[in-house]
Amino acid sequence: MTITLSGVSKVFGDFTAVHPLDLTIPEGSFFALLGASGCGKTTTLRMIAGLEAPTSGSVLLGEEDITSLPPHRRPVNTVFQNYALFPHLDVQDNVAFGLRRRGIKPVKKQVDEMLELVQLGPLARRRPAQLSGGQQQRVALARALINRPRVLLLDEPLGALDLKLRRQMQLELKRIQTEVGITFVHVTHDQEEAMTMADTVAVMYAGRVEQRGAPAELYENPRSTFVANFLGTSNLVAAEITAVDAAGIQLRTDGSGGSADGADDKLRLPVERCAVEGAAAGDKVLVGVRPEKIALALAADASSVPPDRNRLTGRIRDASYLGVSTQYVIDSPACPELAVYEQNVARDARLAPGADVVLHWDPAHTFALDAAQDAEAGTGEEAL
Ligand code: ATP
């Protein structure tokens, strides 16, 4: 069922945890609320569940206004990080609990179906203490799903699992959601988790949704520095727009002015990839490019770089070999500490610390953000 939050906010004392929020979560979608600790995502989820009353605004399920319905009257179930299983009941009785409480009999067929869905049939007679974390998590899921909620809310459901199990359960949760087809709303601070599972991600920051969209759209086209830095890594270079025309936006960096071989820095990007409305010559922006989009050439070979590429000059400060890729840190007159990730296909041993290089990439992979923001937002190093 479609969930609509309309002007929903939450104020605790003099602290606004969630600023007025408009959000539509389409029926049948896997929707993730992603953000750092304290950004208001759990509070938002709790307002959907009815565990927290909004200070303003309304919560709709389909056409129905459920803002003042108590939690147990909402067709919504929540799975929490700590699972909250009954320790004295075995797996099948934990799963049957919701049906029995509502006086439904017999329960066996439905319980068996649920155990099959979460692949726990053979463990039906075990108690929670005899299960691994991932298995307990599946019981919690089955116990919620057996009530056939219209919406399942998941609050950091994989938070207690180790990394490998988390990855496994992410795929498992996605499979289950596809199979049951109900709306899942998932709260997490783990960007990889959100991107793996969700069709739509809403990135929250300081009580507001900064941007929402499909994972690839958010990654490729961030509209704020927080989203650019929180989802993966971004290089953000201070620059000034020199021209806007049919061919796109042209820019100049502060450090522009030539390189060892005399080739000038060059930056262009398509107009639609600029997050500044009505951008014009003279505007200051932060030019962004993801580290894996950048290729490296030795400065001595700069003439081999095709003329239609964006380019910056720099010197390699550090190179870390990671097997599948090498990660470089490069200081450029335009910006210190640029990150570049190169696949180890044909490694050039001359690309080593101290080497003068040209960084080059497709202008279509460039984005621009309003320079009036904290360039460090979302890196974990910003001043909050
Ligand atoms: P986390 O991942 O750490 O759970 P979150 O993004 O889910 O973070 P919330 O739990 O929604 O964050 O909390 C948002 C802000 O509201 C936090 O600063 C928190 O301290 C505050 N907050 C939450 N509940 C209350 C409450 N009952 N009274 C006062 N402040 C609260």
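What you see is a predicted model, in which local features need pLDDT of at least 70 and side-chain atom pairs count only at pLDDT 80 or more, while totals for chains, interfaces and linings use all residues. Residues are numbered from 1 along each chain as its sequence is written, and side-chain values use heavy atoms, with hydrogens and water left out.

Let us start with the overall picture. Along the principal axes, the C-alpha atoms of the chain fill a box of roughly 80 × 45 × 35 Å. The chain has 384 residues, and 49% of them count as buried, meaning under 20% relative accessible area with a 1.4 Å probe and protein chains only. Its accessible surface is about 17600 Å², and carbon and sulfur atoms own 51% of that; such areas come from the Shrake-Rupley method with a 1.4 Å probe, and for residues only the protein chains shown count as cover. Among contacts (heavy atoms within 4.5 Å) with a separation of 6 or more, 68% join residues 24 or more positions apart.

How far can you trust the model? The predictor gives each residue a confidence called pLDDT, from 0 to 100. The chain averages 91, and 96% of the residues score at least 70. Among the elements, strand β1 (residues 3-12) has the highest mean, 97, and helix α5 (residues 163-180) the lowest, 87. Take care at residues 257-263, where pLDDT stays under 50. Where pLDDT is low, the predicted coordinates should not be read in detail.

Now turn to the ligand. Around it sit F12, F15, A17, A36, S37, G38, C39, G40, K41, T42 and T43, each with a heavy atom within 4 Å of it. By class, this shell has five nonpolar, five polar and one charged residues. Helix α1 (41-49) and strand β2 (15-25) each give two or more residues to the shell, and α1 gives the most, with three.

Some of these neighbours make polar contacts, that is, pairs of N or O atoms within 3.5 Å. A polar side-chain atom of T42 lies 2.5 Å from an oxygen atom of the ligand. Polar backbone atoms also take part: one of G38 is 2.7 Å from a ligand oxygen, and one of C39 is 3.0 Å from a ligand oxygen. On its own the ligand has 640 Å² of accessible area, and the protein covers 58% of it.

Technical notes: Helix = DSSP H or I, 4+ residues; strand = E, 2+ residues; numbered from the N terminus. Polar contact = N/O pair within 3.5 Å; in protein donor to acceptor, adjacent residues only side chain to side chain. Nonpolar A, V, L, I, M, F, W, Y, C, P; charged D, E, K, R; others polar. Buried < 20%, exposed > 50% of the residue type's maximum accessible area, 1.4 Å probe, protein only.
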